[in-house]
Amino acid sequence: MKITTELIAHISQLSRLSLPEGEQAAMAAQLERIVDYMDVLSRLDTGDIEPMSHVFPVRNVLRADEEQPSCDREALLANAPARDEESFLTPKSVE
Amino acid sequence: MNWETVIGLETHVELATKSKIFCGCTTRFGGAPNTHCCPVCTGMPGALPVLNQAVLEYAVRAGVALNCHITRYSKFDRKNYFYPDLPKAYQISQLYLPIAVGGRVELSTPSGTVSVGIHELHMEEDAGKLVHDPWTDQTRADYNRCGVPLIEIVTQPDFRTADQVIAYLEQLKETLQYLGVSDCKMQEGSLRCDVNLSVRPLGSRELGTRTEMKNLNSFKAIARAIDYEARRQIELLEQGGRVVQETRRWDENKDATYAMRSKEDAQDYRYFPEPDLPPIELDEGWLARLRAAQPELAPAKRARYQADYGLPAYDCQMITSDRVLAQFFEGLVELGAPAKQAANWIMGEVLGALSARGMEPREMCLSAGTLARLIALVEEGKLNRNTAVKVFEAVFDQDGDVDAYVRAHGLEQVNDAGVVQAAVERAIQAHPQSVADFRGGKEKVFGFLVGQVMRELKGKADPKLVNTLLRQVLGGT
Ligand SMILES: [Zn+2]
């Protein structure tokens with residue numbers, strides 16, 4: 001599959017990664033090699049096979065509608081790269 | 001040129017479950033930031049979502065009520081987008097096999113019946129709330145709403161006017177409230193609506209380019225945004241311009257829509273099957289039991305009240321405007337209250353007392369038993385209607401004991417003709433001038449004299465008896 005610099009720009013936009021102009025071509029080449037590696041799979045004829053979304057034959061895993069205690073906020077926020085007393089902090093993302 | 005507006009709706013409805021869609025955190029509105037959260041709903045690595053069975057049941061109930069085909073084999077998918085209101089960087093939703101598809105609802109509007117197709121109904125999780133702090137130039141994320149269960153209901157582009165859209169939303173709200181699957185409070189965001197709108201020359205079969213409007217949080221805003229956006233697109237086309245497919249935000253203060261996202265930011269959600277949640281296979285028996293247990297909805301109740309109780313259409317509409325109110329009415333009738341009396345008390349005193357207190361019917365403490373007893377006392381002639389209203393006010397807030405209150409305050413209606421007769425005579429003696437005026441032909445004075453007799457009896461007399469006896473005495477001499 002051909003990975004163009006336009007596609008690289010689109011993907012980095014979707015994932016909010018800023019890629020310096022000069023790295024785009026290198027990234028395109030690398031990503032193309034990775035994707036080509038998977039191409040071996042397309043040699044198989046899968047026309048009659050239903051795509052698999054789950055490995056195990058499990059259905060209907062449900063839980064009852066019961067409230068459980070939530071986590072201690074300190075414990076949750078301890079995992080955040082940036083935080084204040086009550087919230088996770090992120091770079092400006094709303095207008 | 002004459003133009004036609006074509007509108008489709010995507011409505012998000014929060015389900016009234018106790019816990020979130022994939023974890024046991026509470027769905028309660030409000031709460032200090034990030035206190036209704038756990039590793040699942042904050043997207044911590046290794047956490048495993050498990051579907052809440054009430055979410056599945058509520059979604060199927062809604063699908064059945066909207067006359068959809070219920071998908072027997074349904075799955076969840078990941079909708080990927082990188083934005084901090086979703087800590088996992090994807091929303092668990094349904095794209096390929098939504099739980100319900102292909103429904104239809106009939107709307108009655110002042111300009112006739114409109115049939116609206118339901119494209120699909122799917123389950124998904126809500127996102128968190130972001131607040132920008134201008135001082136630190138950072139955004140604070142509160143994930144309390146993250147993982148609150150939603151259903152998204154997508155219609156076909158079958159609406160032509162704002163009135164039809166509002167009629168649909170009102171009916172949808174009523175249906176979902178009757179089913180008990182959502183409280184549909186727009187002010188708390190439990191019913192949110194995105195409007196897809198395009199215009200085309202009248203008679204054309206082709207659809208024009210559409211825009212999507214978000215941030216519509218009241219029926220009024222929806223109606224105004226539709227009118228504004230249709231006019232904007234028509235003016236644009238008439239001036240030789242073209243409509244750009246984009247998301248526009250309604251600005252309540254400016255009364256205008258403006259573009260939210262630019263073209264190059266085209267949405268690309270890269271959906272794929274959610275591997276953490278196994279598929280759902282519905283059992284025919286379960287589905288049949290659920291269909292059988294669907295509650296009677298408002299239109300059916302209205303028709304039944306009219307047919308069985310002979311209530312006027314207006315009364316039926318008022319009483320069924322809220323499920324709790326309708327249940328209250330049915331409770332009164334079951335306890336022996338005459339239907340029309342029950343309706344009058346609900347439309348008058350009950351709704352009046354609720355609105356004076358800023359309360360919803362479901363917050364009401366008064367039981368049907370208490371009001372039925374009060375109505376019975378009036379029917380039996382033991383309380384007059386005006387005194388009964390005073391008793392009503394006294395027992396409303398605490399669901400007090402009607403009989404105890406009447407006894408304690410000596411409010412039983414005076415039906416003893418001898419006692420009333422004596423009061424009539426006292427009143428006549430006390431007001432010779434009024435008596436003379438009445439006999440001189442001033443009929444209006446009669447009401448004054450009735451009032452005087454009632455006062456003598458502290459308002460407890462049977463007004464009919466007072467009228468009869470007073471007329472006898474005045475006419476007799
Ligand atoms: Zn949680």
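Asp255(B) is partly exposed, with a relative accessible area of 36%. The place of this residue is the loop between β14 and β15 of chain B, and Asp255(B) has a positive phi of about 60° although it is not a glycine. The structure is a predicted model.

**Zinc site**

- Four cysteines of chain B coordinate the zinc ion through their SG atoms, at 2.3 Å: Cys23(B), Cys25(B), Cys38(B) and Cys41(B).
- The arrangement is tetrahedral because the four donor atoms subtend angles of 101 to 114° around the zinc ion, and the criterion asks that all angles lie between 85 and 135 degrees.
- The spacing of the donor residues in sequence is C-x1-C-x12-C-x2-C.

**Domains of chain B**

- The domain assignment divides chain B into domain 1 (3–284), domain 2 (296–408) and domain 3 (417–475).
- Between domain 1 and domain 2 of chain B, the C-alpha centres are 37 Å apart.
- Contact between these two domains involves eight residues of domain 1 and eleven residues of domain 2.

**Helix α1 of chain B**

- Helix α1(B) spans residues 53–65.
- With 13 residues, α1(B) reaches 18 Å from its first C-alpha to its last, close to the 18 Å expected at 1.5 Å a residue.
- Eleven of the 13 residues of α1(B) are buried, so the helix is largely enclosed by the rest of the structure.
- Among these buried residues are Val55(B), Leu56(B), Tyr58(B), Arg61(B) and Val64(B).
- The N-terminal end of α1(B) is capped by Asn52(B), a side-chain oxygen of which lies 3.0 Å from the backbone nitrogen of Ala54(B).
- Ala54(B) itself belongs to α1(B) and is buried, its relative accessible area being 10%.
- Leaving out residues up to four places away in sequence, Ala54(B) touches Asp65(A) and Thr17(B).
- Ala54(B) and Tyr309(B) stand 255 residues apart along the chain, and their C-alpha atoms are separated by 36 Å.
- Just after α1(B) comes Asn67(B), which takes a positive phi of about 60°.

**Helix α3 of chain B**

- Helix α3(B) covers residues 219–238; its 20 residues reach 29 Å from the first C-alpha to the last, close to the 28 Å expected at 1.5 Å a residue.
- The buried residues of α3(B) include Phe219(B), Ile222(B), Ile226(B) and Ile234(B), and also Glu229(B), Arg232(B) and Gln233(B).
- In chain B, the buried residues of α3(B) pack against the helix α2 (162–179) and against β1 (3–14), β12 (191–201), β13 (211–216), β14 (247–251) and β15 (256–259).
- Gly240(B) follows α3(B) and has a positive phi, near 85°.

**Selected residues of chain B**

- Asp126(B) is found in the loop between β8 (112–125) and β9 (129–133) of chain B.
- Asp126(B) is buried, with a relative accessible area of 9%.
- A polar contact of 3.0 Å joins the side chain of Asp126(B) to the side chain of Arg192(B).
- Not counting residues up to four places away in sequence, Asp126(B) touches Glu14(B), Arg145(B), Cys146(B), Gly147(B), Val148(B), Leu150(B) and Arg192(B).
- Gln171(B), in helix α2 of chain B, is partly exposed, with a relative accessible area of 23%.
- Gln171(B) touches Val105(B), Glu106(B) and Leu107(B), residues up to four places away in sequence not being counted.
- Although Gln171(B) and Val105(B) are 66 residues apart in sequence, their C-alpha atoms are 9.1 Å apart in space.
- Lys458(B) lies in the loop between α14 (445–456) and α15 (463–476) of chain B.
- Phi of Lys458(B) is positive, near 50°, in a residue other than glycine, and Lys458(B) counts as exposed at 70% relative accessibility.

**Glu32 of chain A**

- Glu32(A) is found in helix α2 (residues 21–38) of chain A.
- A polar atom of the Glu32(A) side chain lies 2.9 Å from the backbone nitrogen of Ile3(A).
- Apart from its neighbours within four places in sequence, Glu32(A) is in contact with Met1(A), Lys2(A) and Ile3(A).

Note on methods: Residues numbered from 1 in each chain as written. Chains lettered and ligands numbered in written order. Predicted model: local features only at pLDDT ≥ 70, side-chain atom pairs only at ≥ 80, totals over all residues. Heavy atoms only, no water. Donors = N, O, S within 2.8 Å, 3.2 Å for Na, K, Ca; no water. Tetrahedral: all angles 85-135°; square planar, octahedral: opposite > 155°, others 65-115°. Helix = DSSP H or I, 4+ residues; strand = E, 2+ residues; numbered from the N terminus. Expected span 1.5 Å × (residues − 1). Buried < 20%, exposed > 50% of the residue type's maximum accessible area, 1.4 Å probe, protein only. Contact = heavy atoms within 4.5 Å. Polar contact = N/O pair within 3.5 Å; in protein donor to acceptor, adjacent residues only side chain to side chain. Domains from an automatic or database assignment.
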